[in-house]
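User: I'm new to this one and would like a close look at a single part of it. Could you pick one residue, walk me through its surroundings, and then widen the view a bit?

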Amino acid sequence: MTGGVHYLELRNFDNSPFAPDGVSQQGLRFLKIFLAYLLTKPLPNRDLTNDLATAQERNQLVALEAPDQPTAFRAEGQSLFLEMREMLHHLEDPVDGAVLDDLEQRLIQPELTPAAKLVAQMKDGSLMAFGTDLANTWTHERRTTKPLLPRLTRLNDRTQRFVMAAIQAGVRFYEISDGREGDLLMFTYDGITQILQDKEMRGRHPEQRLRELFPELPPLVVHQS
């Protein structure tokens, strides 16, 4: 077969201003469902060049549609939701089925989409006031949020971020105490064990420190605020 897919990019699902991280749990769960659905579809036995060109054309048409009006591809969208729902039925997954119900409602009622909600917030053709208020809201929420690791509230924020980075990288940790140095944390990875005091984990770059401690770690992606 010629013209196979060499690169796949998923866009515009993580830019919602109505979620503090740009994407909601619901959006992430839908992405999981959609990717699983794609894995169940056989690759068409034809040149994909025309299909990709048609997809780009449709993407442009949808981008230019009025956000609060029904899309011209509503029927195709509902057919896609039906197929994903059938897949979940075979997987006996009623929880994710509820996610599809909610998102399909946006297809039927476009005023529920993030784009339509943004249009409703415009004042004098601008979203500046809305954006500023929302940014202040998310900033306040981040600054007053509960600790990352509620069980380790005695540790400062930077130490908690170090522990979080270690967990994300697959490093196991344990709390220990020797009665003299106070509380210590023991980290283990691939046969290497490191015991650290709180002050040794307060650096601004936890991924760099973890790399020094465990050179065999895979590439780390640690998000810092």
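Analyst: Let's start with what I33 touches: leaving out residues up to four places away in sequence, its contacts are M84, M87, L88, D96, V99 and L100. Keep in mind that this is a predicted model. I33 itself sits in helix 1, which covers residues 25–40. Its relative accessible area is 2%, and since anything under 20% counts as buried, I33 is buried.

Along the chain, I33 and L88 are 55 residues apart, yet 8.2 Å is what separates their C-alpha atoms.

Now for the wider view. Helix 3 spans residues 74–91, and helix 4 spans residues 94–108. The axes of these two helices come within 10 Å and cross at roughly 175 degrees. An angle over 145 degrees counts as roughly antiparallel, so that is how helix 3 and helix 4 run relative to each other. On the helix 3 side, the contact is made by R74, G77, Q78, F81, M84, R85 and L88. Helix 4 brings in D96, G97, L100, D101, L103, E104, L107 and I108. Sorted by class, that contact has 7 nonpolar, 3 polar and 5 charged residues.

Key
Residues numbered from 1 in each chain as written. Predicted model: local features only at pLDDT ≥ 70, side-chain atom pairs only at ≥ 80, totals over all residues. Heavy atoms only, no water. Axes fitted to C-alpha atoms, helices over the stretch in contact; angles between N-to-C directions. Helix = DSSP H or I, 4+ residues; strand = E, 2+ residues; numbered from the N terminus. Parallel < 35°, antiparallel > 145°, perpendicular 65-115°, else oblique. Contact = heavy atoms within 4.5 Å. Nonpolar A, V, L, I, M, F, W, Y, C, P; charged D, E, K, R; others polar. Buried < 20%, exposed > 50% of the residue type's maximum accessible area, 1.4 Å probe, protein only.
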